[in-house]
Amino acid sequence: MCYATKGKGSRLTDIDCVPCTYNASCKKQMLVDTSIYLPPSLLQHIPLDVKFQFIVYANSKLFPEITNGSETERKREVSSSVMSAHFGGIQVTNVSHPVILKFRNHQIGEEPIPIYWNHDGNGGLGSWKKNMDCNKVSSQGNSTIMECSQLFNKNFFAVMMNVIKPVNTGVIQHDSWLPLPFSLELVVFVGAGISVLFILTTLIVYAVIREVRFDRDDAAMLMNHCLALIVTIVVFVTGINHVTNVLVCRSVGVLLHYFLLCSLLWIGCGGICLHRLIRTAIEPEEFNPVLRYYMISWGIPLIICGITVAGNPDNYNVDD
C-alpha cells in the first residue's frame, strides 16, 4: 500500500509505501527501494481489463552502454535501481496530474537527474538519456523524487548523478585498533612467498625423485599445475604495482589471465586423470591421452587470451 504526502499548494512532498500490513506474520518491515504513484485521474480513463506491470532491477548492470566492445565510462553514474513500467500498451501522455517516481539512492552524489533507457541510442545498442518529461522535485537524504508529465515510449527509469567517491585516508575510524591498509600489502607478499616456497618444494621433489613420478600420469598433472601456480603468483607479486606503463600493465594482465586459466584446466585434467586411473585398473586401455591434457591445459588458455587481446586490448587496463 502506498500513499502520497502533500504540502502547501497541494504539492507532493513524499511517497511512502508499506510492503505489508502489520500483523503477526509481518514481523519485519521491508525497505522500499523504488515507488511509483499513479494519480486517480489517470486510472479513470483506463479500461479495467488493462494490466500494469512493474519490475525493479537492483542495479543497472543489465543496461550497460557499450563502446568498442567495452563499457562506456561516464562522469555520471546510475545511482539507483532501475524501474520498468508497462501499462498494457497504453501510452501515458499529457496527464492532468503528474506520475510520481521515487528512487532510493544507492550511492552518495550530487546533481541527480531523471533518466530513461533509450533503446535506439548508441547505434541501436541502447544508452541512458535524460528524461525531459520528468522534473526533479526533491532529493533529500538517500532518496530522489521526480514528477513526470508523460511516459511516452519510455519503459525503464532511473536516477543518474555525479557520484562522490570515498577518499581513502589510510585511517579506519573504529573504536578498536585495526591495522592500516599498508599492512595488507605485507600480508600479501608474505603469503605469496610462503605459497611459492611450498609449491616449489613440491615441484622439486617430484622432479628429482624419479620413483615418485615414475609411470604416473597424475604426477605430470600435479607438476604442471604447480608450475602454472608459481608463474601466476610471481607475475602477480612483481607486476601488480606496475600500472603507470600501459604496455607493462597489459602484459601483466594477459599473463595473469593465461596462467590462471592454465591452473584451472590442469586441476580439471588432474581429476579426469585420476578417474581414468581408477577405470584402467579394472579395464586396461591401449591409448594414453596425456598429450591431450597438455594441448587442452596449455593451448585453450592461449586461444582465449589471444582472442581477447585481438578483440580489444583495453580489456586489460589499470581499472581491471
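**A helix pair and a residue**

Student: What is the handedness of the crossing of helix 4 and helix 6?

Tutor: This is a predicted model. In it, helix 4 spans residues 217-239 and helix 6 spans residues 290-311. The crossing of these two helices is right-handed.

Student: Is helix 4 roughly parallel or roughly antiparallel to helix 6?

Tutor: The axes of helix 4 and helix 6 lie 11 Å apart, and the packing angle is about 15°. Angles under 35 degrees count as roughly parallel. Helix 4 is therefore, relative to helix 6, roughly parallel.

Student: By class, how many residues in the contact of helix 4 with helix 6 are nonpolar, polar and charged?

Tutor: Helix 4 contributes Asp217, Ala220, Met221, Asn224, Leu227 and Ala228, while helix 6 contributes Val290, Tyr293, Tyr294 and Trp298. Asp counts as charged, and Ala, Val, Leu, Met, Trp and Tyr count as nonpolar. By class, the contact has 8 nonpolar, 1 polar and 1 charged.

Student: Is Asn317 buried, partly exposed or exposed?

Tutor: Asn317 sits in the segment after helix 6. Its C-alpha atom is 9.3 Å from that of Leu247, 70 residues away along the chain. Because the relative accessible area of Asn317 is 29%, this residue is partly exposed.

Methods:
Residues numbered from 1 in each chain as written. Predicted model: local features only at pLDDT ≥ 70, side-chain atom pairs only at ≥ 80, totals over all residues. Heavy atoms only, no water. Axes fitted to C-alpha atoms, helices over the stretch in contact; angles between N-to-C directions. Helix = DSSP H or I, 4+ residues; strand = E, 2+ residues; numbered from the N terminus. Parallel < 35°, antiparallel > 145°, perpendicular 65-115°, else oblique. Left-handed = near helix turned anticlockwise from the far one by under 90°. Contact = heavy atoms within 4.5 Å. Buried < 20%, exposed > 50% of the residue type's maximum accessible area, 1.4 Å probe, protein only.
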